[in-house]
Amino acid sequence: MAAYDINGQTVTALAGKALYIAGDSIAYGEGSAGGYGKPVAEKYGMSFVNEAVSGATLAPDIADNVNGGTRSCICTTVTGSGTLTNADYILLEGGVNDAWNSAPVGTLTDGFDTAFDATTTIGSLETMLDYLAKNHSGKRVGFVFPHAGMFSATGFGWNETYKPAIIAALKKWGVPYLDIAGSTPPIGAYGVDGLKELYTADGTHPNEAGYERYYVDQIAGFLQRL
């Protein structure tokens, strides 16, 4: 049974802690302002900084095939952030837009004392994880994979190529991950009929109910296990 303080916030070890988030539109909250960070912080008494950018990729310099121009790079955001020092928890998310925009996947390097090809999804991810390991080793770092149903069975190689490659990099660097898709029904446009209307704003981005139903408590539990 959960315990609550006089303000109705759930009492856990997360209370009073600072959460930093970087990622793409799912983390940013394209369908509900603040993304999953806002309701997690409100429910569990945390402060949070959300530096996620809608449309961002892990790989740098990726052309935006929807709006034109170049997409923001999650890894550049993290390595250039001035707010990480104050964070207790760092949550990362991304890769979906790499798949949507056919970013070069790259390959996982064999060791840790090596050069990473930061022009690729995996090389840029390794660059970011290397930076965090060397500069923020006292922080609790985790990675979030979003809900399923955003891609068709054969769409863009997300499930077949990008996601497994990201998981391999996270395992190499000892970064735990939470897979929302692994424990919830697919709610995206290619998911279970009816759920996208209830839990997303547009078939891709969760609305407030979607974050509350499928993200908030899972992420809070994940943070407490880091």
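Helices here are DSSP runs of at least four residues, numbered from the N terminus. The model is predicted. Helix H5 covers residues 121-135 and includes Glu-126.

**Glu-126**

Glu-126 has 0% relative accessibility and therefore counts as buried. Its side chain forms a polar contact with the side chain of Trp-173, at 2.8 Å. Beyond neighbours within four places in sequence, Glu-126 is in contact with Thr-107, Leu-108, Thr-109, Phe-116, Lys-172 and Trp-173.

**Helix H6**

Trp-173 is among the buried residues of H6, as are Lys-172, Trp-158 and Ile-166. The buried residues of H6 pack against the elements tabulated below, and also against H5.

| Element | Residues |
|---|---|
| Helix H4 | 96-100 |
| Strand E4 | 140-145 |
| Strand E5 | 177-179 |

The 16 residues of H6 should span 22 Å at 1.5 Å a residue, and the end C-alpha atoms are 21 Å apart, which agrees. Just after H6, Gly-174 adopts a positive phi of about 70°.

In soluble globular proteins, nonpolar side chains tend to be buried together. The largest nonpolar core in this model has 62 residues, of which Tyr-36, Met-46, Leu-91, Leu-92, Ile-166 and Leu-223 touch the most other members. Helix H6 (residues 158-173) gives the most to this core, contributing eight residues.

What does Tyr-36 touch, not counting residues up to four places away in sequence? The list comprises Ile-21, Ile-26, Ala-27, Leu-91, Glu-93, Val-144, Tyr-211, Tyr-215 and Ile-219.

How values were computed: Residues are numbered from 1 along each chain as its sequence is written. This is a predicted model: local features need pLDDT of at least 70, side-chain atom pairs count only at pLDDT 80 or more; totals for chains, interfaces and linings use all residues. Side-chain values use heavy atoms; hydrogens and water are left out. Helices (H or I, at least four residues) and strands (E, at least two) are DSSP runs, numbered from the N terminus. Buried means under 20% relative accessible area, exposed over 50%, partly exposed in between (1.4 Å probe, protein chains only). A polar contact is a pair of N or O atoms within 3.5 Å; within protein, one must be able to donate a hydrogen and the other to accept it, and residues adjacent in sequence count only if both atoms are side-chain atoms. Contact means heavy atoms within 4.5 Å. A nonpolar core is a set of buried Ala, Val, Leu, Ile, Met, Phe, Trp, Tyr and Cys residues joined through side-chain atoms within 4.5 Å. The expected span of a helix is 1.5 Å times one less than its number of residues.
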